[in-house]
Amino acid sequence: MRELPKVELHLHLEGAAPPAFVRGLSKEKHVDISGIFDARGNYRYKDFWDFLKVYEAATSVLQSPEDYRRLTLAVLEETAAHGVVYAETFLSPDFCGGRDLGAWREYLLAIQEASDEAERKMGITLRGIVTCIRHFGPEKARETAICAAETAGDWITGFGIAGDEKAGAPKDFRWAFDCAREAGLRLTAHAGEWAGPEGIRDTLAALAPERLGHGVRAIEDLALVDELAERGIVLEVCPGSNVALGVYKDFRAHPVHELDRRGVKVTISTDDPPFFHTTMTREYEELHRAFDWDEGQFRRIAKVSLEAAFCDTDTKTKIAKLLEA
Ligand SMILES: [Zn+2]
């Protein structure tokens, strides 16, 4: 499972920060965030809302472009070790320079430097999706979209929205999504994780993304499942994340198999792997155990994921060869 070449489309850069890396940085900067770790040094939280707080505390030690350069390398080393040959990561100008365009450009440069270095040394290709944070509100999302539009190109290829799905309505973020779309960015939105099918319908209607982060609660409305299949909307499914946060009680209860069976384009990712005590290898192993998914199935999923990737055709051609290995 570890060796199989993989494509990962749903990965929050800060959420992938290895706990040891964050602890090291907190010592260097004399920031006390010891409360977010358990006795074994892993991240500790009670529920999704507590997780968001712990996430922001962990992120608080990432204070400079250099910190993000080191973070990107640490994350890609871990991701590549699990056979991922291509990944897309969510980046938030909120955390990278407080949505100031000049500062954002400096953070982005440092992240891209690390991405280039990882590609040379570890053979993993990374692209970025700028992501606004829903619970920070639509005003901040506008500023984030402007940062995204100004840096859209070969490396920043997409725009999205993450955060607390219960805060505000998708239509509040229409301006941000339109701005990103006009800049040529491809679109994805977190929906259907905490909110049910209505949240997915509202998101599709207001923001018209081609991919959904999670989207798994579509299963509660089979007409919606058919619609997703017909329209070819791609789901960035993160089963381990959903189980860790209690959306489903275990892998067996997770709808990913049924969504796939009903013709929805599903892909597999880790979301915030150390927070959910997971890796791409573990996701594959659990899916194999729960649904008997085999190598053929995983190779098919990797192809669907690459087709749904936001990178250019040359990059896709290069990655397609790696997937055949
Ligand atoms: Zn996510």
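The model is predicted, so local features need pLDDT of at least 70 and side-chain atom pairs count only at pLDDT 80 or more, while totals for chains, interfaces and linings use all residues. Residues are numbered from 1 along each chain as its sequence is written.

Let's start with the record. UniProt, in an unreviewed entry, lists residues 5-322 as "domain: Adenosine deaminase"; positions there follow the numbering used here, feature names are shortened, and annotations may be inferred rather than shown by experiment. The end C-alpha atoms of that span sit 7 Å apart, and the span is 47% helix and 15% strand. Helices (H or I, at least four residues) and strands (E, at least two) are DSSP runs, numbered from the N terminus.

Eight strands make an open sheet, ordered 1-2-3-4-5-6-7-8, with parallel pairing; two strands pair if DSSP finds at least two bridges between them. Strand 1 (6-12) and strand 8 (265-268) are the edges, each pairing on one side only. On average, neighbouring strands are turned by 25° against each other, direction ignored. Angles run from 0 to 180 degrees between N-to-C directions, with axes fitted to C-alpha atoms, for helices over the stretch in contact.

Zoom in on strand 3 (residues 125-133) and strand 4 (residues 156-162), which pair in the parallel sense over six bridges. Thr 131 has Gly 160 in strand 4 as its bridge partner. Across both strands lies helix 5 (residues 138-150), running at about 155° to strand 3.

Next, the nonpolar core: a set of buried Ala, Val, Leu, Ile, Met, Phe, Trp, Tyr and Cys residues joined through C-beta atoms within 7 Å. The largest one has 92 residues, and those with the most contacts inside it include Ala 145, Phe 159 and Ala 180. Helix 4 (residues 101-122) gives the most to this core, with seven residues. Leaving aside neighbours within four places in sequence, Ala 180 is in contact (C-beta atoms, placed from the backbone, within 7 Å) with Ala 145, Ala 148, Ala 149, Phe 159, Leu 185 and Leu 187.

Most residues other than glycine have a negative phi. Ala 208, in the loop between helix 7 (197-207) and strand 6, has a positive phi of about 45°. His 214, in strand 6, has one of about 75°. Buried means 20 or more other C-beta atoms within 10 Å of a residue's own, exposed 12 or fewer, and partly exposed in between. Ala 208 has 13 such neighbours, so it counts as partly exposed; His 214 has 26, so His 214 counts as buried.

Notes:
Contact = placed C-beta atoms within 7 Å.
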